[in-house]
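Look at the model shown here.

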Amino acid sequence: MRDFGLNPQQTAAVEDKDGAILVIAGAGSGKTRVLTARICALVDSGVSPYNILAITFTNKAAGEMKERIEGVLGDSVSVWTSTFHSMCARMLRMDAERLGYTRDFTIYTELESERVVKRVCDSVQGADVKRKGSYLDHISRAKTAALPPDEYYEEIKDVVTDARTVALVYRAYEQELKNSNAMDFDDLLLKTVDLFEKCPDVLERWQNRFRYINVDEFQDTNRLQYKLVRMLAAKWGNVFVVGDEDQSIYSWRGAEIRNILDFKQDFKGAKIYKLEQNYRSTKNILTAANNVIKHNAERNEKTLWSALGDGYEVEYYDARNDRDEAEYVTRIISHLERGGENYRDMAVLVRANSLTRLFEESFTLHGIPYKVFGGFRYFERKEIKDTLGYVRLAVNPGDNDAFLRVVNYPRRGIGASAVAEVAMAAQHNGISYLEVLRKGGMLSPASEKKTGRFLTVVENICNAINEMSPTDFMQYVITASGIEDALKNSEDPEDRNRYENIEGLVAAVKNFVDDNPDATMSDFMQSVSLVSDSDEMNEENYVTIATVHAVKGLEFDDVFIVGLEEGVFPTSAAVFNGDVEEERRLMYVAVTRAKRRLYVLSAHSRFRFGKVENNPKSRFIAEMRGDRASVRISGGYFAPKKTESAQNFARPGTKASPVFVSAPPKRADAPDYSEFVKGTVVEHRKFGRGIVRETIGEGENKTAAIEFEGLGVKRFALSIAINSLSIVKEQA
């Protein structure tokens, strides 16, 4: 066999040529190398590349695998390397007529499927077009379970209030696709299984073609994908799957963890190999990961280990609140960067993208470049822009762009023709769009009626802006606009996520007012425009802010896992249901993204859903520490400030927990922070001239609240902002 630099466990798996084989590949254990070596070893042993199939989950992964194989065997050797969906589309193109389609059938994207649902809602009695996302979610779940409309209705009728409507929309949707000679993404899998079941000769043709089947990320397969693998492998029995049930985090999109756990029962005589040597992380990080995941019952026993040495101890920071949490992460990232680390090697991981806002604000404030993955930058999210559209209109009733943004959001039946009438009347009379509605008599009776309810909503909001505090007003806008009712009560999970994001606006306003007691909503909106300013970032060197789901398969030198409280991570739904195993797997994935340094953080209070929450620390913090305390505790919440060996630390949550303060890299030209005192006039290279209103702390831990004209008070960690600030030699 060629020398692939494999360890003994990897080599044993690769050299086992025939039969059913499960390789349980722990995080960072080199599974892609094993898959590539396995396929090359088959070709070297005389198996024709034509008879080998390699399946993965993303086009990027399929491309990388193909490139690796060709790098070893040469470009002339062609192994069918594909995603499940691409494989099925190719198979269906050849025999679509057998199912009543033509070979040139259209594959609908999610957007096109949404449009179909929107159309069929008009023909289904009781269907609500505003719930199109929920209907699509039901249709996808039904297809993944291979259930036609009537059978799916029987499955959900006792738990879904409008189950009959869902089934009717599903049936009408299916008919529309068939009439259009089209399939959606779920159909590619479902119709291929259907083709194999109805046409045994087609199945046999593919079985004869693919005598050796290799599947990556097997823990992420759903019921249909698993069935396809079993059908294709039934004749020869040579199926080689690689996966890790500890990284099964996609049940919400149909992934079945039982596929990997029951592999040995479903494939009689299957052999199992475990890859436990991790090539990514240090011992201390893996100890934390192993300590967490061992609490799960549904798993194959294994323990990751590393030859990379102990490395840095995992550090836990117990923040006073969510703002303190963001400021701590900002400070550490700045210190690491000054010590030679690259921003591109750092990641802040969150359980939900609604938690990113404070980190975005803090990074923007201190000039740290970043990108958000698994969601948009907070103030660039559509639901945030839509909600703030009402505020813009209340601050400036002449803002026609804001008017157009919110006139039919949430949907209230104001169509394009009515809006066009408003625009024409405004142009003809030289007034704003809102003024057209206020004056009345300029539109057709039908358009007057449609826009009347919207006018009432806007007038109420405009009147409230001067009668309420900014924080109360923000909450009022969310409710009075109808946004809360439209999103909070939706069955679409995405709508619930959008609502949680919108609630973050209340926290944003509250934080701004806390720093600027006399601030108005106009002041806040001006501040938002500043926070939204992307500046000119170095596209190649930025901190990653991401959901844990978005970074699966990636790795970073320095990782910060934030929001570790019960109800946040693990989520309140998981805590309520008493089933946190997938949440624990998600935590395991987050921990094992770290190569050198790992920081885990929780906050004593967090502003969510319009109120301050005081949730207990996540159970995962105590689990990480395990029997052998390997996680240091750091943080300004506790006193005294002293360093002790980890073995002497009390468990998280006890008042006796001491504090470990990381020593940041020292600069040769360390500035004199004592010059920054109350009343000092400073110049910031972005915000202009300001006055120091308050300072807290000493030395490199010193923070300053600086008031800038038109922007309000901004809080800086001086050790981070020092390169952007200069002292003006005059006093206020």
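The lining of the second largest cavity divides into 6 nonpolar, 2 polar and 7 charged residues. Here Ala, Val, Leu, Ile, Met, Phe, Trp, Tyr, Cys and Pro count as nonpolar, Asp, Glu, Lys and Arg as charged, and the others, Gly among them, as polar. This is a predicted model: local features need pLDDT of at least 70, side-chain atom pairs count only at pLDDT 80 or more, and totals for chains, interfaces and linings use all residues. Residues are numbered from 1 along each chain as its sequence is written, and side-chain values use heavy atoms, with hydrogens and water left out.

**The cavity**

Rolling a probe the size of a water molecule over the atoms shows where empty space is left. A cavity is a set of points, on a 1 Å grid over the protein atoms alone, where a 1.4 Å probe fits but cannot get out; lining residues have an atom within 4 Å of a point. The structure holds 4 cavities of 30 Å³ or more. Of its 15 lining residues, Ser354, Leu355, Arg357, Phe607 and Arg608 are the closest to its centre. Helix 15 (322-338), helix 16 (357-365), helix 24 (493-515) and strand 17 (606-608) each give two or more residues to this lining. Helix 24 supplies the largest share, 4 residues. Helices (H or I, at least four residues) and strands (E, at least two) are DSSP runs, numbered from the N terminus.

**The sheet**

Strands of a sheet pair through backbone hydrogen bonds, either parallel or antiparallel. Two strands pair if DSSP finds at least two bridges between them. Strand 6 (residues 212-215) and strand 7 (residues 239-243) pair in the parallel sense over 3 bridges. Ile213 has Val239 of strand 7 as its bridge partner. Contact means heavy atoms within 4.5 Å.

**Two packed helices**

How do helix 14 (residues 283-293) and helix 27 (residues 581-591) cross? Their axes come within 9 Å and cross at roughly 175°. Axes are lines fitted to C-alpha atoms, for helices over the stretch in contact, and angles run from 0 to 180 degrees between N-to-C directions. That makes helix 14 roughly antiparallel to helix 27 (an angle over 145 degrees). Ile285, Ala288, Ala289, Val292 and Ile293 of helix 14 meet Arg584, Arg585, Met587, Tyr588 and Val591 of helix 27. These contact residues divide into 8 nonpolar, no polar and 2 charged.

**Backbone details**

Two peptide bonds are cis, as tabulated here.

| Cis bond | Omega | Loop holding the proline |
|---|---|---|
| Tyr409 to Pro410 | about -5° | helix 18 (400-406) to helix 19 (416-429) |
| Phe569 to Pro570 | near 15° | strand 15 (556-561) to helix 26 (572-577) |

Asn181 has phi near 55°, a positive value in a residue other than glycine. Asn181 lies in the loop between helix 8 (163-179) and strand 5 (182-184).

Definitions and conventions
Parallel < 35°, antiparallel > 145°, perpendicular 65-115°, else oblique. 1 Å grid on protein atoms, 1.4 Å probe; cavity = no way out; pocket = protein on both sides within 12 Å on 5 of 7 lines; lining within 4 Å. Points joined across faces, edges and corners; volume = space filled by probe spheres on them.
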